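Reader: I have a model open and want a quick tour. Can you walk me through it?

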Amino acid sequence: MNFINEGLVASFAMLVIVLAEILIALFIARGGTHVPKIRKIAGLEAIEEAVGRATEMGRPITYTTGLGGIRDQYYYQTVAGLNILGHTAELAAKYGAKLLYFPYDPTIMPMAHEVMEQGYIRAGKQEAFNPENIIYLGGDQFPWAFGVLGTTYREQSAANIHMGPFWAESLILAEAGFYTGAIQVMGTANYHQIHFFVVASDYALIGEELMAAGAYLSKDPTQIGSLWGADFSKLTAIAIMLIGVILTAANVTALNDFLAL
Amino acid sequence: MIPPNIGQLPPELDLFAAIFGVFATIFIYSFLWKENPLSRAVEHLFVGLAAVFTLAFMYDAALSQAVWGTNRLAEGNFIWIIPILLSLMYFFFFSKKYFFLYRYPVSIVAGVMAGMMICGMIQSNFLAQIQATVELPLVGAGVWEGWPPAGLNSIIMIIGIITALTFFFFTWEHTGALGISTRIGRYFLMATFGSAYGGTVMARMSLFIGRLRFLYETSYQDWFWAWYLVPIAAIIVILVALWDRSKG
């Protein structure tokens with residue numbers, strides 16, 4: 001039996017390097033030897049401002065996690081969106097604001113329910129949690145988007161928060177916030193939609209900033225360690241690129257040959 | 001199983017489909033003027049249909065994947081009982097006593113997906129990007145000829161990729177040399193977003209044009225009914241909106 005899949009050797013080597021960097025950084029941070037500080041992410045800081053504004057205006061907050069679920073390749077963005085949902089729920093409970101959440105994939109409804117309830121529990125207001133504020137609007141892109149648009153308009157949301165994977169509905173959602181004059185905080189790692197969020201929202205989380213939210217909000221050393229390890233993997237990528245560019249310019253193809261393995 | 005021709009109306013209902021399609025389109029677009037009872041009605045209809053469709057599609061997909069498909073449960077392959085039982089465990093969400101059991105399928109699905117995706121992610125989002133950068137032409141015949149020379153584009157791209165990557169360092173202070181790099185990276189990101197925005201807006205316009213073409217070209221037995229229906233639908237929207245306003 002051949003255990004080596006040609007064409008994936010370099011991928012495997014990279015996977016081992018990246019995992020090693022993340023695990024080492026994670027264990028160092030968890031052990032308390034060094035827990036790095038995370039740089040300020042304006043989009044996440046703005047959530048409290050958005051919740052506060054909604055509370056002052058006596059109007060609700062609209063929240064979605066995009067079109068992803070936990071069964072697709074975008075699940076990591078959905079999970080990041082749910083992390084921020086928990087934080088938003090905690091803030092909403094603390095200030096007494098109404099939080100409306102619109103799941104797209106029915107399988108994340110129970111997760112969202114639990115995440116929101118935990119947020120209310122952390123704020124010491126479990127009794128204020130209302131499961132009916134999790135509103136299922138069908139699992140089809142444009143009906144869902146139109147449902148969010150209509151509900152946002154009727155409820156006159158004062159804060160519009162969208163975190164997760166988005167596609168062509170992103171501007172429709174931004175338009176909903178524009179109609180109601182809501183403060184808009186949006187984030188996605190879908191590179192084909194980031195520009196819409198940058199243009200249409202007050203604060204945008206760009207790409208990996210969304211995934212950093214879990215560590216940023218929880219201040220959990222394990223999660224911060226994982227983020228630190230991911231920084232090292234990016235540094236590794238930069239180093240390989242620079243070495244590769246210099247070698248290629250010198251007509252040495254050893255690195256290119258290895259990457260193609 | 002859901003019949004393969006589901007969603008296709010019989011020819012005798014073409015007229016109904018044309019009328020319904022035109023009215024639904026106008027009622028939905030009337031939201032751009034103002035939210036009104038007709039746009040709300042179509043919105044609810046749209047959402048309801050999507051919910052029913054998702055339910056039917058998932059039920060059908062689950063049965064055809066695990067029960068009725070080739071070499072599945074119905075043909076004696078009992079290993080498929082495991083995913084079926086795991087799926088059914090989702091319903092423990094509704095039980096106070098056995099609530100914890102619902103977490104197992106969620107954890108398993110999330111774990112399996114993480115394991116399955118990480119290899120593909122390393123290949124497409126990490127290795128392929130490094131490979132493409134390393135292979136950018138910097139030397140060789142014709143690389144520095146013409147305007148703009150391919151070599152100059154390569155240098156701009158290398159600087160853009162590296163500085164944009166440094167923008168996503170989260171655990172190191174963006175000060176000193178790293179601060180300069182992240183600032184340059186931010187400019188590259190903004191230029192990319194601007195260019196992508198222009199391109200995608202055009203694509204969105206084509207979606208709208210597609211809907212206009214539907215109105216323009218919808219016919220029934222060579223009669224272009226949509227032409228007559230659009231003004232009727234528009235008048236109905238105005239009347240209903242005025243009625244809604246008169247109610248206060």
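**Walking through the model**

Author: Let's begin with a loop. Q156(A) sits in the loop between α5 (141-155) and β3 (159-163) of chain A. Keep in mind that this is a predicted model.

Reader: What is the phi of Q156(A)?

Author: Positive, about 55°, although Q156(A) is not a glycine. Most residues other than glycine have a negative phi.

Reader: How many C-beta neighbours does Q156(A) have inside 10 Å?

Author: It has 14, so Q156(A) counts as partly exposed.

Reader: What about K219(A), where is that?

Author: K219(A) is in the loop between α9 (213-218) and α10 (221-249) of chain A. Its phi is positive too, about 60°, and K219(A) is not a glycine.

Reader: Is K219(A) buried or exposed?

Author: Exposed. K219(A) has 11 other C-beta atoms within 10 Å. The cut-off for exposed is 12 or fewer.

Reader: Now the domains. How is chain A divided?

Author: Into domain 1 (9-37 + 222-259) and domain 2 (42-211). The centres of domain 1 and domain 2 of chain A are 33 Å apart, taken over C-alpha atoms.

Reader: Domain 1 has two segments. Which residue pair in chain A is 219 residues apart in sequence?

Author: M14(A) and S233(A). Their C-alpha atoms are 9.2 Å apart in space. M14(A) belongs to helix α1 (residues 9-31) of chain A.

Reader: Is M14(A) buried or exposed?

Author: Buried. There are 20 other C-beta atoms within 10 Å of M14(A), and 20 or more is the cut-off for buried.

Reader: What does M14(A) touch, apart from its neighbours in sequence?

Author: Leaving aside neighbours within four places in sequence, M14(A) is in contact with I122(B), F126(B) and L127(B).

Reader: That takes us to chain B. How many residues are in contact between the chains?

Author: 47 residues of chain B contact 53 residues of chain A. On the chain B side, α2, α4 (103-134), α5 (150-167) and α6 (176-217) each supply at least two residues.

Reader: Which helix gives the largest share?

Author: α4(B), with 15 residues. By type, the side of chain B that touches chain A has 34 nonpolar, seven polar and six charged residues.

Reader: What secondary structure does chain B have?

Author: Seven helices and zero strands. Chain B is more spread out than a compact globule, because its radius of gyration is 28 Å, well over the 18 Å that the globule rule gives for 248 residues.

Reader: What size of box does chain B fill, and how much is buried?

Author: The C-alpha atoms of chain B fill roughly 65 × 55 × 45 Å along the principal axes. Buried residues are 16% of the 248.

Reader: How do α1(B) and α2(B) cross?

Author: The axes of α1 (residues 14-29) and α2 (residues 37-68) of chain B come within 8 Å and cross at roughly 115°. The crossing is left-handed.

Reader: Which residues meet there?

Author: A24(B), F27(B) and I28(B) from α1(B) meet L38(B), S39(B) and V42(B) from α2(B). That contact has five nonpolar residues, one polar and no charged.

Reader: Last one. Where is the cis peptide bond in chain B?

Author: Between W147(B) and P148(B), with omega about -5°. Most peptide bonds are trans. P148(B) lies in the loop between α4 and α5 of chain B.

Definitions and conventions
Residues are numbered from 1 along each chain as its sequence is written. Chains are lettered from A and ligands numbered from 1 in the order in which they are written. This is a predicted model: local features need pLDDT of at least 70, side-chain atom pairs count only at pLDDT 80 or more; totals for chains, interfaces and linings use all residues. Axes are lines fitted to C-alpha atoms, for helices over the stretch in contact, and angles run from 0 to 180 degrees between N-to-C directions. Helices (H or I, at least four residues) and strands (E, at least two) are DSSP runs, numbered from the N terminus. A crossing is left-handed if the near helix is turned anticlockwise from the far one by less than a right angle, and right-handed if clockwise. Two residues are in contact if their C-beta atoms, placed from the backbone, lie within 7 Å. Ala, Val, Leu, Ile, Met, Phe, Trp, Tyr, Cys and Pro count as nonpolar, Asp, Glu, Lys and Arg as charged, and the others, Gly among them, as polar. Domain bounds come from an automatic or database domain assignment. The radius of gyration is taken over C-alpha atoms; the globule rule is 2.2 Å times the number of residues to the power 0.38.
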